[in-house]
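Good morning, everyone. Please have the sequence and the 3D view open, and follow along with me.

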Amino acid sequence: MKNTRRDFLKTFAATSLTVPMLSSLQTNAAFAPEKKLGIALVGLGYYATYQLAPALEKTANCHLVGIVTGTPSKAETWKKKYNLPDKNIYNYQNFDQIADNPDIDVVYVVLPNSMHHEFTIRAAKAGKHVICEKPMAVSVKEAEEMIAACKAANVQLAIGYRLHYEPFTNEVMRLAKDKDFGKVTFVEASFGFPLRDLKAWRLNPKLSGGGPMMDVGIYALNAARYATGEEPISVTAQTVKTRPDIYLPGIEETLFWQMKFPSGAVSNHTTTYNSGLQRLYVGYENGNLEMSPAYDYGPLKGKTSKGEMKLPIVYHQVLELDGICDCIINNKPNITPGEEGLKDMKLIEAIFKAAKTGKEVKVS
Ligand code: NAD
């Protein structure tokens with residue numbers, strides 16, 4: 001039986017349904033604006049189908065009004081399921097005509113990584129706000145061009161860092177800021193899963209831009225930044241490849257990396273397509289925090305030196321979508337802007353360079 005990331009994530013998603021959730025955090029109905037923003041999803045794969053579209057049935061600030069797909073049969077299915085008018089259905093070729101469609105306020109790019117750049121820029125040029133999945137691009141240059149295009153078009157660019165909108169992650173961020181346990185001294189953050197779908201675009205370097213780092217390792221990288229509240233100053237990295245027939249040049253199989261922070265804190269990380277692991281450990285001067293699972297759709301689970309983290313279990317994508325759309329509606333800067341994605345991209349490039357050269361790479 002194939003054991004893919006989908007199965008892995010679906011298990012967590014299914015488990016979360018059995019946990020009582022706080023209804024006020026499932027839908028933000030109390031805060032519903034007069035007009036919900038219209039969202040068009042670009043790329044109707046796993047994440048759009050099983051996470052974002054269902055979330056958009058629960059959001060208060062936005063709803064699904066359009067789709068962009070290269071597969072006519074998917075267009076038919078989605079049209080019926082979500083009651084979408086023909087005029088709001090696009091393909092990758094006629095996508096730019098979205099500029100003339102007043103129903104669509106926001107384009108959500110959920111394509112393979114190397115297509116994020118093109119579709120973010122085309123959406124911005126069409127005058128639409130953009131939400132783009134992580135990793136925001138496959139290079140720093142692309143990420144900078146995406147930010148510039150959205151600025152030039154005067155539209156918001158948000159990256160789909162859903163964890164920034166959920167309570168466990170917010171508590172990790174708060175502890176870095178309020179220092180309940182003193183300063184952070186050490187972080188261990190790792191995320192991997194056994195990739196068995198050998199035809200996946202994730203194994204094509206032209207589409208993915210890298211291996212597990214571009215897929216789930218980015219969560220562990222981002223976690224070290226929010227757990228410390230600091231930006232790393234240098235990185236070292238090592239890769240291990242046991243199956244070069246599967247993991248082509250440009251696709252790492254297992255990557256270990258380490259980072260140093262200005263305060264003296266250090267971090268250690270693993271990302272891999274070889275094993276399921278999902279952990280965040282934060283060591284403070286006077287205590288610690290441990291979460292596992294730390295990055296999935298939930299329920300997330302963790303404890304600190306003071307005991308179990310008793311926090312609401314939420315639908316990440318609902319809070320993410322409503323959070324981002326609230327900022328668009330009220331013209332406020334969003335909390336996961338392109339600049340947040342760019343910071344991760346700069347570190348990923350430095351980590352890949354460190355792995356290639358075997359040398360410590362300084363990050364400015
Ligand atoms: P997927 O393979 O399930 O879907 C990709 C979609 O892109 C498909 O609909 C496919 O038809 C379309 N596509 C268009 N051109 C393609 C091409 N040349 N090759 C392959 N597919 C093409 O992938 P996914 O798991 O939905 O991931 C999509 C994006 O979402 C990725 O950037 C991924 O990192 C991100 N993602 C984010 C989360 C999260 O929790 N935030 C979870 C999963 C995926």
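Let's start with the second largest cavity: its volume is about 30 Å³. A cavity here is a set of points on a 1 Å grid over the protein atoms alone, where a 1.4 Å probe fits but cannot get out. Grid points are joined across faces, edges and corners, and the volume is the space filled by probe spheres set on the points.

Before going on, a word on the source. This is a predicted model, so local features need pLDDT of at least 70, side-chain atom pairs count only at pLDDT 80 or more, and totals for chains, interfaces and linings use all residues. Residues are numbered from 1 along each chain as its sequence is written, and side-chain values use heavy atoms, with hydrogens and water left out.

Back to that cavity. Its lining includes E166, F168, Y297 and H316. A lining residue has an atom within 4 Å of a point. By class, seven are nonpolar, two polar and one charged. Nonpolar covers Ala, Val, Leu, Ile, Met, Phe, Trp, Tyr, Cys and Pro; charged covers Asp, Glu, Lys and Arg; the others, Gly among them, are polar.

How many cavities of 30 Å³ or more are there? Two. Y161, R162, L163, H164, I218, Y219, N222 and Y226 line the largest cavity. That lining has five nonpolar residues, two polar and one charged.

Now helices. Helices (H or I, at least four residues) and strands (E, at least two) are DSSP runs, numbered from the N terminus. Take α4, residues 72–82. Which of its residues are buried (under 20% relative accessible area, 1.4 Å probe, protein chains only)? A75, W78 and Y82. Seen down the axis of α4, they fall within an arc of 75 degrees, so they line one face. That arc is taken from the directions from the helix axis to the C-beta atoms. On the other side, P72, T77, K80 and K81 are exposed, meaning over 50%. The buried residues of α4 pack against β1, α3, β2 and β3. Contact means heavy atoms within 4.5 Å. N83 follows α4, with a positive phi near 55 degrees.

Last, α11, residues 338–357. Its 20 residues, at 1.5 Å each, should span 28 Å, and its end C-alpha atoms are 28 Å apart, which agrees. The expected span is 1.5 Å times one less than the number of residues. Buried residues of α11 include G338, L342 and A354. Their partners in packing include α6, α9 and β8. Just after α11 comes G358, with a positive phi of about 75 degrees.

Note on methods:
1 Å grid on protein atoms, 1.4 Å probe; cavity = no way out; pocket = protein on both sides within 12 Å on 5 of 7 lines; lining within 4 Å.
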